[in-house]
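Thank you all for coming. I would like to take you through one structure this morning, and I ask you to keep it in view while I speak.

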Amino acid sequence: MSSSISIFWHRRDLRTEDLRPLSEALQKEKNVLPLFIFDTNILNRLENKKDARVEFIHRKLKEIKTTYQEHGSDLLIKIGEPLKIWKEILNEYKVEAVYAGRDYEPYALERDKAVYEFLQTKNIRFYGFRDHVIFEKSDIVKDDGKPYTVFTPYSKKWKSKLQDSDLALQSCTPHFKKLYSTSPLYFPSLKELGFEEAGIPFPEEKCSDEIIKKYHETRDIPSLHGTSRLSLHLRFGTISVRQLTRAALKLNEKYLNELIWREFYQMILYHFPHTIEKSFKPAFDNIQWENNEAHFEAWCQGKTGYPLVDAGMRELNATGWMHNRTRMVVASFLTKHLLIDWRWGEAYFKEKLLDYECASNIGGWQWACGSGTDAAPYFRVFNPTTQQENFDPDKIYIKKWIPEYGTKKYPDPIIDHTFARDRILKRFKFALDEKKAV
Ligand code: FAD
């Protein structure tokens, strides 16, 4: 076995600069070898072998690898179940310490706990760092120490606690001489991972200051490029949230608020992990859903006869992204008009969204259906026609995604709005009335 090393484990941070765990490892240790594990527990669950997210990760890892190679080092890639992989790594290298950014999803917490416990038995130090968010876990809590469940007071506390040091650049490049020098390491092809290219273009990794400056005026118009479209990059850490927060503070408070929504949902999932499967408000699990499969299929395909809903779903199916306004409209339509369980919609988004983020997706779906934290009240039912008139009055967005709009080929509405509205109000009221609920 060669000289001892420390490992920086890349997970949802596919970049090499402004990265706290890497910066710390490089400053505190010597011979730092970066690692990425293609986790088969996750890969094996992906049915679509053209999953664009795997292609994206693969592509970014190649760039990262090149950066490390330019500094005489490399990226160690492993494929398998994380715990088994760690056992394998310890047979190949003499490891002194492991550094990683913290991840708050239930699966990741379980994984990290198992790895931590294993490394402890080998006397290997394992350090986790807050990097994916500005504030994590219980950094922002109510005065009585309990987690917030309403956004506005959370965001106020978030802003009041923010200090320059929270946004300080975590520099890595100047310390790259501390990387472990090695001859080139193995890099699997996409095919070896069992995947193929999806052929979907990925959104750019940057957003102009102009878009962020005008964000409060343009953010609700789905036909415009009026939002940053950086969600994929925040999800996989190809940009640093500190960098984006520094820009938001300078350019637009409304934009900053959206970044805080992201952290709010991360915090909610951390404190209420059961919301992954159960409604945050338990009474909502008493609702008797219709779960009509033909309706669900029409919704998935963008053939409900409600143009804004259909345009949104078609945008999602074609690009892996959907505008936030239409995400809210399609989610409300599925749960309230069609009375289909929010979990069905959540699962479909999970399969399709490039920016799929467990915490934000669960949060968004439960918000739309009324079952979540700080959710829209159940009796506020979006009217998809009015939404279209307000946010796409010139029909630019709907015509872009529905070429047959206005012809006989475009379907009639699969459900009448007034009927659907009355039905949901009765059904939800019944379920939420504790005396009647079983
Ligand atoms: P911008 O408007 O430019 O916002 C900047 C960043 O702030 C986003 O990239 C995102 O990281 C964050 N953000 C913005 N709005 C929200 C929000 N409401 N909740 C949490 N974070 C937010 N976002 C995801 O990243 N992943 C998801 O899986 C996801 N699922 C959603 C499901 C539903 C039903 C709804 C209603 C919303 C969901 N969102 C999700 C939130 C939001 O729609 C997207 O973050 C946003 O549309 C991404 O586009 P953007 O990067 O241009 O966002």
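This is a predicted model: local features need pLDDT of at least 70, side-chain atom pairs count only at pLDDT 80 or more; totals for chains, interfaces and linings use all residues.

K395 sits in the loop between helix 17 (384-391) and helix 18 (396-401), where helices are DSSP runs of H or I with at least four residues, numbered from the N terminus. Phi of K395 is near 60°, a positive value in a residue other than glycine. With a relative accessible area of 28%, K395 is partly exposed; buried here means under 20% relative accessible area, exposed over 50%, and partly exposed in between, with a 1.4 Å probe and protein chains only.

Residues are numbered from 1 along each chain as its sequence is written, and side-chain values use heavy atoms, with hydrogens and water left out.

A positive phi, near 55°, is also found at R229, again a residue other than glycine. R229 lies in the loop between helix 8 (215-218) and helix 9 (231-235), and it is partly exposed at 24% relative accessible area.

R229 also brings us to the ligand. Which residues are closest to the ligand? Of the 28 residues that surround it, the closest are Y215, T227, S228, R229 and N324, a residue being counted if one of its heavy atoms lies within 4 Å. Turning to polar contacts, which are pairs of N or O atoms within 3.5 Å, a polar backbone atom of R229 is 2.6 Å from an oxygen atom of the ligand. An N or O atom in the side chain of N324 is 2.7 Å from a ligand oxygen, and a backbone N or O atom of D355 lies 2.9 Å from a ligand nitrogen. On its own the ligand has 810 Å² of accessible area, and the protein covers 96% of that, by the Shrake-Rupley method with a 1.4 Å probe.

Let me move to helix 15, residues 342-352, whose buried residues are W342, G345, E346, Y348 and F349. These residues lie on the same side of helix 15 because they cover an arc of only 160° around the axis, taken from the directions from the helix axis to the C-beta atoms. They pack against helix 12 (293-301), helix 13 (307-319), helix 14 (324-337) and helix 16 (358-369), contact meaning heavy atoms within 4.5 Å.

Finally, the cysteines: how many disulfides does a search of the whole structure find? The search finds zero, a disulfide being a pair of cysteine sulfur atoms within 2.5 Å. The sulfur of C300 is 17 Å from the closest cysteine sulfur, in C369, and is therefore too far for a bond.

Conventions. Helices (H or I, at least four residues) and strands (E, at least two) are DSSP runs, numbered from the N terminus. A polar contact is a pair of N or O atoms within 3.5 Å; within protein, one must be able to donate a hydrogen and the other to accept it, and residues adjacent in sequence count only if both atoms are side-chain atoms.
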